[in-house]
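Please keep the sequence and the model in view while going through the numbered points.

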Amino acid sequence: MKRKLLIGLLLLLLIALGIFFFVLPALVERRLSATLRSPPYQISARAQTLQQNLFIADLHADSLLWGRDLLQRSGQGHVDLPRLLEGHVALQFFTVVTKTPRGLNIESNDDKSDTITYLALAQRWPVRTWRSLTERALYQAARLHRMAAASQGQLVIIKTAADLDNYLRLRQQNAHIVAGVLGLEGAHALDGDLRNLDALYDAGYRMVSPTHFFDTEFSGSSSGLRKGGLTPLGRELLKRMEARGMLFDLAHASPQTIDDVVAAATRPVVISHTGVKGTCPNNRNVSDEQLKGIARTGGIIGIGYWETATCGTDARAVARAMRYTADLVGVAHVALGSDFDGAVAEPFDTTGLGQIIDALFAAGFTDDEIKLIMGGNTLRLLTEQLPRAGQ
């Protein structure tokens, strides 16, 4: 009887472990990163024609977090290589999350808890990632590099201006390739040591934000407890990033941090994914003065697609935020910042970007202006700011 009970308990344990390791991560992603409308998406003939001739670039997708093989088409989430190709996306920033608090919200979070630890365990990340945020960032970067190596040239990682030049030449001959750039969501991934920036740079990271959903030793977060400004360590981070040709990302930064960075920056800064208070007033989104400050640096603002960013659930809400931003600071500073696979519900996956083009037509943008918004502005910034030989 005891032997049967023991066997039964072992079977239950194996089932529980199987669910934890092989079922739970996919269920969590499906629930958190939902798609409100499933493909295929209908767009106008005019949008189809323009989309095929655009350089489309998106500043923010958290796709590496979920453990999917991004070379394979998935029925969940928003981004993978086949869907990027179908959506005519030329360049995708793959942004890496290393820590998020329990009860995450846009108003006030501390740094005492971490839900990514559970995800790392469930997805069988290496032991070294369990306690080190730097190792989590390095592990996710390595995953992207392995996928690029296995992609038969369809996924190319961009680290330098020369890499970008080579990619653009290749793309003239073959449009069925996608460039990937690594970004880091929150400098807490440095584990408090600025020397770790070197390792992350070597791993390919070219955009870093000082904070995510909680205050860090580098700056205040718009969703932190204190919401302070750029700290002395944060100023040193900005200085070192500018010296390396890395983009300083102000997504999730507190208003004081944005003001401090704009005043101190000597190179363009970006917001990789945001909404604007002018069309959707809440604590997560940025004010007119903040938009003007970023534009003054020569930077760009990636407009997100999810409801907290736009106060809507379709492409028209995205275009409304873009129209407001362009009218305020100029179309040269507006870009795509989807937040795909970022634990938010999106109106469409990356195959649905043509809906934004139609919405931009309806908002009165010209073809040339849409080219800038959909990727031209991001391409220009990368061409000017990516590190060059000897940097």
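1. Tyr305 is buried, at 1% relative accessibility; buried means under 20% relative accessible area, exposed over 50% and partly exposed in between, computed with a 1.4 Å probe on protein chains only. The model is predicted, so local features need pLDDT of at least 70 and side-chain atom pairs count only at pLDDT 80 or more, while totals for chains, interfaces and linings use all residues. Residues are numbered from 1 along each chain as its sequence is written, and side-chain values use heavy atoms, with hydrogens and water left out.

2. Phe348 is likewise buried, at 0% relative accessibility. The ring centres of Tyr305 and Phe348 lie 5.6 Å apart with the planes at 45°, so this pair is tilted. Rings of Phe, Tyr and Trp (its six-membered ring) pair if their centres lie within 6.5 Å; planes under 30 degrees apart count as stacked, over 60 as edge-to-face and the rest as tilted. Tyr305 belongs to the loop between β8 (300–303) and α11 (307–310), and Phe348 to the loop between β9 (334–336) and α13 (354–362), so the pair ties together parts 43 residues apart in sequence. Helices (H or I, at least four residues) and strands (E, at least two) are DSSP runs, numbered from the N terminus. Tyr305 and Phe348 also belong to one aromatic cluster with Tyr41 and Phe340.

3. How many aromatic pairs does the ring rule give? The count comes to 4. One of them joins Trp125 and Tyr139, and it is tilted, with 5.2 Å from centre to centre and 45° between the planes. This pair links distant parts of the chain: Trp125 is in the loop between α4 (116–122) and α5 (133–149), whereas Tyr139 is in helix α5, 14 residues apart. Trp125 is buried with a relative accessible area of 5%, and Tyr139 is buried with 13%.

4. Two arginines are placed over aromatic rings. A charge sits over a ring if NZ of Lys or CZ of Arg is within 6 Å of the ring centre and within 35 degrees of the ring normal. Arg46 lies over the face of Phe361, 3.6 Å from the ring centre. The charged end of Arg206 is over the ring of Tyr201, at 3.7 Å from its centre.

5. Contact means heavy atoms within 4.5 Å. Val181 lies in strand β4 (residues 178–185) and is buried, with a relative accessible area of 0%.

6. Thr98 is found in the loop between β2 (89–97) and α4. Is this residue buried or exposed? Thr98 is buried, with a relative accessible area of 0%. Beyond its neighbours within four places in sequence, its contacts include Asp114, Arg136, Leu184 and His188.

7. Strand β8 has both faces covered: Ile300 and Gly302 on one side, and Ile301 and Ile303 on the other, are all buried. β8 pairs in the parallel sense with β7 (residues 270–274) over 3 bridges, and with β9, again in the parallel sense, over 3 bridges. Two strands pair if DSSP finds at least two bridges between them. Ile303 is the bridge partner of Thr274, and Leu336 in β9 is the bridge partner of Ile303.

8. Finally, β7, helix α10 (residues 288–296) and β8 make a right-handed β-α-β unit. A crossover is right-handed if, with the strands pointing away from the viewer, the path from the first strand over the helix to the second runs clockwise.
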